[in-house]
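Morning, everyone. I have one model to show you today. Let me put it up on the screen.

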Amino acid sequence: MNYKETYAAWAADPEGFWGAVAHDIDWIKPPERVFNPDAGVYGRWFEGATCNTCYNAVDRHVEAGHGERAAIIYDSPVTDTKRTITYAELLDEVATLGAVLQDIGVGQGDRVILYMPMVAEAMIAMLACARIGAVHSVVFGGFAATELATRIDDAGAKAVITASCGIEPGRMIDYMSLLSEAIDIATVKPIGCLVLQRDAQRCELTAGRDLDWAEMMAAARAAGRWAECVEVAATDPAYILYTSGTTGEPKGVVRDTGGHMVALQWTMKNIYGVNPGEVFWAASDVGWVVGHSYICYGPLLAGCTTLVYEGKPVGTPDAGAFWRVIEDHDVSVLFTAPTAFRAIRGQDFEGKLLAEYDLSCLRTLFLAGERSDPATLEWAEAHLGVPVIDHWWQTETGWAISAIPMGIEALPVKHGSPGVPMPGYDVQVLDDAGHPVENGTLGNIVVKLPLPPGCLPTLWNADNRFLSSYLNEFPGYYATSDAGILDQDGYLHVMARTDDIINVAGHRLSTGAMEEVLAHHDAVAECAVIGKADALKGQLPLGFFVLKSGVNRPDDEIAAELVKLVRAKIGAVAAFKLAVAVPRLPKTRSGKVLRGTMQKIADAEAYKMPAAIDDPAILDEIAEALGAKGLIG
Ligand code: COA
Ligand code: AMP
């Protein structure tokens with residue numbers, strides 16, 4: 001079947017479609033009912049069925065005779081290490097770690113925070129949680145202690161798994177002191193922390209709280225401990241992943257167990273066109289949804305080899321790093337963020353480093369996480385000579401809403417479009433009043449309910465927030481908070497967020513959360529944060545602040561303090577380095593800050609004078625302040 005036929009088959013009978021796909025998963029109790037529209041907030045997939053994700057990702061491949069196949073390749077230029085873990089070895093690691101967790105007191109349904117760098121043990125920890133029915137919540141290493149504490153509290157974490165350090169080019173991330181600070185701040189106190197000591201920088205363990213990973217694993221092995229796969233309901237949460245919301249409080253996106261496996265298994269073959277035994281590399285981080293779906297679960301469910309890369313696209317050691325990894329490990333499909341390619345292109349525009357490697361193994365490049373600019377896309381196409389596929393998705397969906405499904409049909413690529421809607425997603429574009437707009441007209445991109453398997457059924461302990469964040473605005477639809485166009489050929493064009501989320505180096509950040517931090521500074525009366533266009537990272541946060549009257553300190557001094565404050569409260573990942581003092585903020589007569597207009601000024605774009613503006617002269621003040629700092633354009 002081609003794309004059109006496949007999509008039509010799904011649209012004609014969604015339950016029949018997903019029910020058939022579900023046969024590719026090994027269930028303990030197979031689903032009797034594919035979808036129950038009356039369960040949960042908008043219905044639940046595979047209610048009544050039971051299963052185990054680790055069994056499907058690991059055990060079944062060993063049982064099928066593929067124990068010697070590579071499951072994980074760990075490639076770390078920052079520690080100069082390469083390691084291959086076969087499926088049989090992975091089974092031994094996860095069953096042993098599962099037993100260690102059980103012995104600490106972690107049981108089915110308990111939440112475990114994972115705060116780890118890009119090492120194979122991060123994957124082992126995720127799978128060990130899945131094996132014993134515990135719910136992991138991975139926190140990206142670039143977040144500060146306060147963000148970690150928020151997640152420990154919201155998830156009600158029973159235990160934490162961490163490492164002694166993360167390694168960023170030129171500096172060490174001291175996970176242990178960040179974790180200790182977070183536990184001090186948090187109300188919930190985990191019963192224990194399992195710590196992977198890394199040679200690059202070991203850490204002190206706190207007696208009575210911290211346990212050494214290697215020692216615990218050795219002891220469990222000596223005692224013959226081995227955790228079997230625990231039977232969980234298909235509707236039980238597999239994991240919680242926090243993502244930026246419109247306030248400082250992150251949203252706990254819940255992923256269910258059965259639907260997650262069904263959806264990911266389908267995508268590996270049909271979207272990515274990858275076969276069991278092939279090497280699939282998602283150059284992202286386990287802290288993001290891409291890492292969950294396509295470093296960890298997707299490739300392993302499909303019996304592929306996945307790559308855990310602890311390095312950067314540039315600087316570890318140079319812009320040829322990706323090509324070296326592809327050649328060394330025979331990578332068939334690469335998935336990364338456009339930012340990574342912008343960084344490589346910026347340092348090796350001619351592709352001289354690229355020419356030094358044999359990339360004949362590479363079949364397709366997939367890009368997601370932010371809008372792909374055509375220049376980068378064209379550069380990648382010209383230099384790699386393989387199809388470059390932009391596809392669009394969100395933490396909430398867990399897999400692509402739109403793509404070119406390479407395993408079904410290599411439809412023509414349109415630069416600037418992340419492809420066509422995938423089966424499961426009835427994508428529509430509505431105006432603000434909820435009416436469908438004509439093809440080719442910009443509007444709110446929504447997905448008609450129910451969302452397909454694998455998408456979030458709700459937010460952790462927050463059904464009402466789920467409703468108010470996603471379902472209430474357009475009744476009967478999931479609001480993506482992305483604005484875009486469906487063109488005459490059925491291709492989507494995703495243009496911008498409709499909320500205060502910005503995208504910095506493929507990382508999703510809330511300007512609202514940054515404003516909350518700035519507003520806490522003693523000298524700041526008012527503030528606003530916008531996303532300013534950036535040639536490398538797509539966008540960069542840019543803060544404006546108005547000083548309280550009577551404050552007589554230099555603007556630059558306050559700006560430097562604000563930069564420090566955001567780094568301390570949110571983390572280095574916020575990449576907040578630009579703060580500008582202004583006399584006033586432009587507002588509407590009802591007091592709404594005109595962030596959109598400020599953004600246009602910062603990006604040197606034409607703008608229409610907002611009709612409801614209180615005092616147009618303030619826009620000149622903004623331009624003047626930005627101009628004085630060389631920040632326009
Ligand atoms: N742990 C701790 N700190 C981290 C981190 C981690 N895992 N990842 C990033 N950081 C830090 C960086 O060191 C940097 O700190 P600095 O301000 O002291 O330099 C800061 O967070 C901002 O990081 P980033 O925006 O990623 O910039 P960078 O300069 O380190 O790297 C790129 C630039 C383009 C090379 C990098 O952004 C990249 O590879 N992006 C790929 C995007 C991606 O994979 N996105 C995931 C979605 S698919
Ligand atoms: P995240 O939840 O971190 O994956 O971020 C999701 C958001 O990133 C989306 O809502 C979009 O705004 C943006 N995004 C992701 N992929 C794309 C893409 N291919 N094109 C345009 N925007 C994208």
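A term before we start: a polar contact is a pair of N or O atoms within 3.5 Å. Keep in mind that this is a predicted model.

Now the ligand. Arg171 makes such a contact: one of its polar side-chain atoms sits 2.9 Å from an oxygen atom of ligand 1. Lys577 also reaches an oxygen atom of ligand 1, with a polar side-chain atom at 2.7 Å. Gly142 uses its backbone instead: a polar atom there is 3.3 Å from a nitrogen atom of ligand 1. How much of ligand 1 does the protein bury? Taken alone, ligand 1 exposes 940 Å², and the protein buries 83% of that.

Next, the surroundings. There are 23 residues around ligand 1. Those that come nearest are Glu168, Arg171, Lys537, Arg567 and Lys577. By class, the shell has ten nonpolar, six polar and seven charged residues. Where do they come from? Domain 1, residues 95-230, and domain 2, residues 505-628, each supply at least three residues to the shell.

Last topic, cysteines. How many disulfides does the structure hold? Take Cys229. Its closest cysteine sulfur is in Cys54, 5.0 Å away, so the two are too far apart for a bond. The cut-off for a disulfide is 2.5 Å between the sulfurs. Cys304 is in no disulfide either; its nearest cysteine sulfur belongs to Cys296, 13 Å away. Are these cysteines buried or exposed? Cys229 is partly exposed, at 24% relative accessible area. Cys304 is buried, at 0%.

That's my tour. Over to you.

Technical notes. Residues are numbered from 1 along each chain as its sequence is written. Chains are lettered from A and ligands numbered from 1 in the order in which they are written. This is a predicted model: local features need pLDDT of at least 70, side-chain atom pairs count only at pLDDT 80 or more; totals for chains, interfaces and linings use all residues. Side-chain values use heavy atoms; hydrogens and water are left out. Buried means under 20% relative accessible area, exposed over 50%, partly exposed in between (1.4 Å probe, protein chains only). A residue is near a molecule or strand if one of its heavy atoms lies within 4 Å of it. A polar contact is a pair of N or O atoms within 3.5 Å; within protein, one must be able to donate a hydrogen and the other to accept it, and residues adjacent in sequence count only if both atoms are side-chain atoms. Accessible areas come from the Shrake-Rupley method with a 1.4 Å probe; for residues, only the protein chains shown count as cover. Ala, Val, Leu, Ile, Met, Phe, Trp, Tyr, Cys and Pro count as nonpolar, Asp, Glu, Lys and Arg as charged, and the others, Gly among them, as polar. Domain bounds come from an automatic or database domain assignment.
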